[in-house]
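I opened the notebook to go through this structure point by point.

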Amino acid sequence: MALDKVLKFGGAALADGPGVERCAQLVLRYGGERPVVVVSAHHGVTDLLDTIARSAADGILEGDRVRIRHRTILRQLGLDPELLDRHFTELFSLLAGIKTRGRIEPRERDLVLSFGERMSARVVAQTLRKLGALATPVDAFDLGLLSDSNHGAARPLPESRARVRRAIGEVPGIPVVTGFLAQDRNGNLTTLGRNGSDLTAALMAEAIGAGELQLWKAVGGIMTADPKIEPEARVVENLGFAEAAEFAFHGAQVLYGAALAPAQRANVTVRLLDVNDPEAAGTILATTTRGGGLVGIAVRRRVVRIALEIAVPEERAERTVELFQAFARHGLEPGPIASAAEQLSVYVSETAAISALLSDFGARARSTSELALVALIGRGNGFDDGLAARALALCAAEAIEVVDAFVGTRATSQVLVVAATDAERTVRALHAGLFRQVALR
């Protein structure tokens, strides 16, 4: 029986027993004859595991917090309370070792975090069995998902594809696969970074040549704006991969940008669907879309501008290389870039690594914090040339100061930089002024 669909469920969808059962029923209803299921840890568990790992390094053992959380979910589902005991034993032993040494290495942290997905996969598979389906929990690294050794943000290796394709076909029934996890060539467990389960699902879809990848979320799909900011935001039902990548790049949390590449390479149709409203259209991502124009607004909060002084024009190339080498060294992803006669400015999301980067340059670099990027996402050639002017006028009408603007520089987005305190007001003003007449199908 061919594997043709991949269904991924995030932590919010798997938050408790009723959520797990709802997801299992969706697998049976929308997964076809034999889907592949990819799961995240239950909501909040990854953060909890990170906390108890740090506590162990400080001499405090808090593993029971994880056991209580999972035992509660097992009880809600009417499953064997001892289902995860082997994992609890392994986790507690690992935490005890961290406590003894008084520190936690990146490799150990990845191993601690892995228990969230590993236990979630066992819970979901057992729930499917209770509903009458043959399902088998499987760790992605046991399927041959290989990565580099960059613990905490590992990158999958190309040779994984053939290995996964061979191994997954041998799994009995419905494979319930751990998201977020891989293994390096030395056999060490790695993690793919936050929201890495979307990437796992896309890699599984690519490996098996799936016709469809379903990403089941606790929201209705990609929307014209963050609904927590703009209550009138609505779902964008059809979107190209390029525009979806822009949403992810500019801070939209509903989609992990790295997951798009495998799906696009394999020409897999991606559907973002709502676990609470499965009959809703959701968002369909495809290689090409019809029409053009404005499709949405994304906002990236807590942004810092790093400005590097360029003493003389002849130094520009050298200073540019120096700055971006520092970005790579400290694991920072650059955002929009502005170049002036005496400085090079780069916008980047606020992280602890910025202080270390600034120390590399001393007085030659300075930072400005408390900024936000508000991006207007559009469809290629249909992106109206007058859009930026209308956006600036709307901001002026609301007395919102635009600190910087990147307009006409990207085919699929126009970006305004505003004070962080003005971010939500900017989104609401632009949505109200630009989406009154927009059709999104």
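**Cysteines.** I began with Cys-395, which is buried, at a relative accessible area of 0%. Buried here means under 20% relative accessible area, exposed means over 50%, and partly exposed is what lies in between (1.4 Å probe, protein chains only). Cys-23 is buried as well, with a relative accessible area of 2%. I then searched the whole structure for disulfides and found zero. A disulfide is taken as a pair of cysteine sulfur atoms within 2.5 Å.

**Ground rules.** I noted that the model is predicted, that local features need pLDDT of at least 70 and side-chain atom pairs pLDDT 80 or more, while totals for chains, interfaces and linings use all residues. Residues are numbered from 1 along each chain as its sequence is written, and side-chain values use heavy atoms, leaving out hydrogens and water.

**Cores.** Which residues touch the most other members of the largest nonpolar core? I found Val-6, Met-204, Leu-213, Ile-222 and Leu-285, in a core of 52 residues. Helix α7 (residues 196-208) gives this core its largest share, eight residues. A nonpolar core is a set of buried Ala, Val, Leu, Ile, Met, Phe, Trp, Tyr and Cys residues joined through side-chain atoms within 4.5 Å. Helices (H or I, at least four residues) and strands (E, at least two) are DSSP runs, numbered from the N terminus. Another core, of 51 residues, lies apart from it; Ala-13, Tyr-30, Val-39 and Leu-49 are among its residues. In soluble globular proteins, nonpolar side chains tend to be buried together.

Among the residues it touches are Ile-222, Leu-239, Phe-241, Leu-255 and Val-270, with residues up to four places away in sequence not counted. Contact means heavy atoms within 4.5 Å.

**Trp-216.** Buried or exposed? Trp-216 is buried, at 1% relative accessibility. I placed it in strand β7 (residues 212-217). Its contacts include Leu-7, Phe-9, Leu-26, Tyr-30, Val-275 and Pro-278, again without residues up to four places away in sequence. I also checked Trp-216 against Gly-386: 170 residues apart in sequence, 36 Å apart in space, C-alpha to C-alpha.

**α6 against α7.** The axes of α6 (residues 160-168) and α7 come within 8 Å and cross at roughly 75 degrees. That makes α6 roughly perpendicular to α7. Axes are lines fitted to C-alpha atoms, for helices over the stretch in contact, and angles run from 0 to 180 degrees between N-to-C directions. Roughly perpendicular covers 65 to 115 degrees; under 35 is roughly parallel, over 145 roughly antiparallel, and the rest oblique. On the α6 side I listed Arg-161, Val-164, Arg-165 and Ile-168, which meet Met-204, Glu-206, Ala-207 and Ile-208 of α7.

**Glu-243.** This residue is in helix α8 (residues 241-249). Glu-243 counts as buried, at 7% relative accessibility. Glu-21 is 222 residues from Glu-243 along the chain, and their C-alpha atoms are separated by 33 Å.

**Positive phi.** I looked up two residues here. Glu-370, in strand β14 (residues 365-379), has phi near 60 degrees, a positive value in a residue other than glycine. Glu-370 is exposed, with a relative accessible area of 52%. Ala-399 also has phi near 60 degrees. Where does Ala-399 lie? I found Ala-399 in the loop between α12 (387-397) and β15 (402-406). Ala-399 counts as exposed, at 66% relative accessibility.
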